[in-house]
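Subject: Structure for your review

Dear colleague,

Please find below the structure that I am handing over to you.

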Amino acid sequence: MTSVADAELRLLRDVLRLLPAGVTVQDEHGRFLMVNDAAAVQLGLARSGGAAPSQLVDQRLEAGLQCLRADRALVTEESIDDGKVRQVLLTSHQPVRIDGRDLLISSSADISEQKAFEDQLFRSAYYDELTELPSRRVIEYRVNSLLRCDDAKFALAFLDIDNFKHINDYYGHAIGDALLIELAKRLIRELRDSDMLSRISGDEFLLLLHPIQSQQEVADFLQSVLERLNAPFFIDGSEIFASISVGVSLYPDHGRSYEVLHQNADLAMYQVKNNGKGNAAFFDAGMEHEATARTKVEQSLRLAILEKRFCCAFQTKVDIRTREVKGVEALVRLRDDEGVIQAPGTFINLAVELGLIDELTHLVLAEIVKSIDLINENFGPTATISINVAAKQADNVEFMRSFARALEATGFPARFMIEVTEDAFVAKTHFQENILPIFRKLGVGISIDDFGTGYSSLSALADITADEIKIDRSFITDIHKRPRSQGILRAIESLSEALGMTVIAEGIESFEELAYLQAATRIRYAQGFYFSRPIFLEELRPATPLASESRVSLASRPAQENRLVYSRGDRYRR
């Protein structure tokens, strides 16, 4: 019988020793009476070479004594972090009395992997992965906590990086991400422990400043932040300059809820954007009125696109030597609720911002196709037809492919000239490499619009493959009186000629400007009010001669009278 009992006891000891859970037994003084193999590993008691046991041993001893004194079971997490690995045990302590002795039985499971995963989920939910800044919900919770305090006074600032898309396009997204990290480090450098910076989206941040004494204190601090950002960022061998636009709302002056304070700071930030960027502004009530007016314009624009209340005006490109019409540029116009024609300056930028520009461009093309007979009749069947494409569209491969298909579907794609700004070529975008070949196959021409107003240099022209370059009117206005502009014009003309590009002078409005181009340059083509204002085909006089007849009559008239004369609606607004 004794041998059977001994065998069972040995079996129980072996089972206890080999259990996957760590099991320990402690006496009333906290000393270990038994430690199975799993517990020995967990507590560092199985280490060889005389290594010190884990700090978890001290935690176990302290917890054991507390449980024995209180005579109460306890479930706790025991953890140790050596800087490299964090070990976490979930331990159940149970005081027992056996043979007149007070003992503590403890069972532990290693939950280190589970806790690491929980920590990862927590950081993903509450911290930005790239910059490691608190997320939107963290700063919102912090602001709402302050709102419950009677005497709280704080500032909420909305920060947006200026031209971040251009930085991403030119340097690549990897450097763009690195810039976000470095910029965040600069922003938090002077913050107090009570302040908070949060990244709420791609290039947008929220800054909580608490406590504050006055608006001037906040203004002074933000000015120092802006000045700190004047220094360039050196990333991966590139020297990058970045600025931010900042809008600020104050509690309680500018709102009494997180949503209102955030919205008002956002409105103030957009006011800075509209006024030149790179600055800070505090919210005021006038901004709210402007936002309301803007919302009405947005709604009107969306409705106009839905109802297709857009039309095209056409402006001629003229050979200044022969007065023949080389081509026409299609200029989109909006007919508002009262029937008044609105020029593109009132809605194009908004259409781009709202993501409506793609549909608007297709509407322009549809208007051209519908009017092609009138275009041929008035300007000739060989006149090129130019369509403007926004810089944002030029870098959108999906849109440009769909637009190329639409041009091909017209049956006369070679008649078209796409006008894009120089930024589409100079920046590291998809246009030059991926999009341009698609239009080349169709015979569609490419024109660089408003040349001289972007960021490129004359040397950048050498890498551009375009058919036409349009010199911005800022170089042409009073060209006969401006020697410096004359020198720039000659340089552009010579380089464009060497690269096989046709030069178009934009914005000719006086006989003197035309006379200078004819006498002092080899430029052949021009565009501007001197020749013709933008016209609507349906408003042409019935007696307007055919294009060939028009060219003959123009060439036979004196220079001062050689203008195409069209009737325009009384309600046309430039």
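**Strand E1 and its partners**

Strand E1 pairs with strand E5 (residues 101-110) in the antiparallel sense over five bridges; two strands are said to pair if DSSP finds at least two bridges between them. Helices (H or I, at least four residues) and strands (E, at least two) are DSSP runs, numbered from the N terminus. The model is a predicted one, in which local features need pLDDT of at least 70 and side-chain atom pairs count only at pLDDT 80 or more, while totals for chains, interfaces and linings use all residues. Residues are numbered from 1 along each chain as its sequence is written, and side-chain values use heavy atoms, with hydrogens and water left out.

The hairpin of E1 and E2 has five residues between the strands, and Gly30 takes a positive phi near 85° in it.

Five of the five residues of E1 (residues 22-26) are buried, so the strand is largely enclosed by the rest of the structure. Buried means under 20% relative accessible area, exposed over 50%, and partly exposed in between (1.4 Å probe, protein chains only). Gly22, Thr24 and Gln26 are buried on one side of E1, and Val23 and Val25 are buried on the other.

**The chain as a whole**

The chain has 21 helices and 21 strands. Of its 574 residues, 47% count as buried. Among contacts (heavy atoms within 4.5 Å) with a separation of 6 or more, 63% are between residues 24 or more positions apart.

**The five-stranded sheet**

An open sheet of five strands has the order E7-E8-E6-E11-E12, with mixed pairing. Strand E7 (196-201) and strand E12 (280-282) stand at the edges with a single partner strand each, so one side of each has no neighbour in the sheet. On average, neighbouring strands of this sheet are turned by 20° against each other, direction ignored. For such angles, axes are lines fitted to C-alpha atoms, for helices over the stretch in contact; in general, angles run from 0 to 180 degrees between N-to-C directions.

E7 and E8 are antiparallel partners over five bridges, and a hairpin joins them through two residues. In this pair, Arg199 stands opposite Phe205 in E8. E6 and E8 also pair in the antiparallel sense, over six bridges, and Phe205 in E8 is the bridge partner of Leu159. Six of the six residues of E8 are buried: Glu204, Leu206 and Leu208 point one way, and Phe205, Leu207 and Leu209 the other way. Strand E11 (residues 244-251) and E12 pair in the parallel sense over three bridges, with Val248 opposite Phe282 in E12.

Helix H9 (residues 258-274) packs on the sheet and touches E6, E7, E8, E11 and E12; its direction makes about 145° with that of E11. Helix H7 (residues 173-188) lies across strand E6 (154-161), E7, strand E8 (204-209) and E11, and runs at about 155° to E7.

**Nonpolar cores**

A nonpolar core is a set of buried Ala, Val, Leu, Ile, Met, Phe, Trp, Tyr and Cys residues joined through side-chain atoms within 4.5 Å. The largest has 76 residues, of which Phe310 and Phe439 touch the most other members. A second, separate core of 34 residues includes Phe164, Leu191, Val225 and Val246.

**Glu506 and the cysteines**

Glu506 lies in strand E20 (residues 502-506) and counts as buried, at 12% relative accessibility. A polar contact of 3.4 Å joins its side chain to that of Lys470. A polar contact is a pair of N or O atoms within 3.5 Å; within protein, one must be able to donate a hydrogen and the other to accept it, and residues adjacent in sequence count only if both atoms are side-chain atoms. Not counting residues up to four places away in sequence, Glu506 touches several residues, including Asp449, Asp450, Arg473 and Gln527.

With a disulfide defined as a pair of cysteine sulfur atoms within 2.5 Å, the count comes to zero disulfides. Cys311 is in no disulfide, the nearest cysteine sulfur being that of Cys312, 7.1 Å away. Cys311 counts as buried at 7% relative accessibility, and Cys67 is buried with a relative accessible area of 2%.

Yours sincerely
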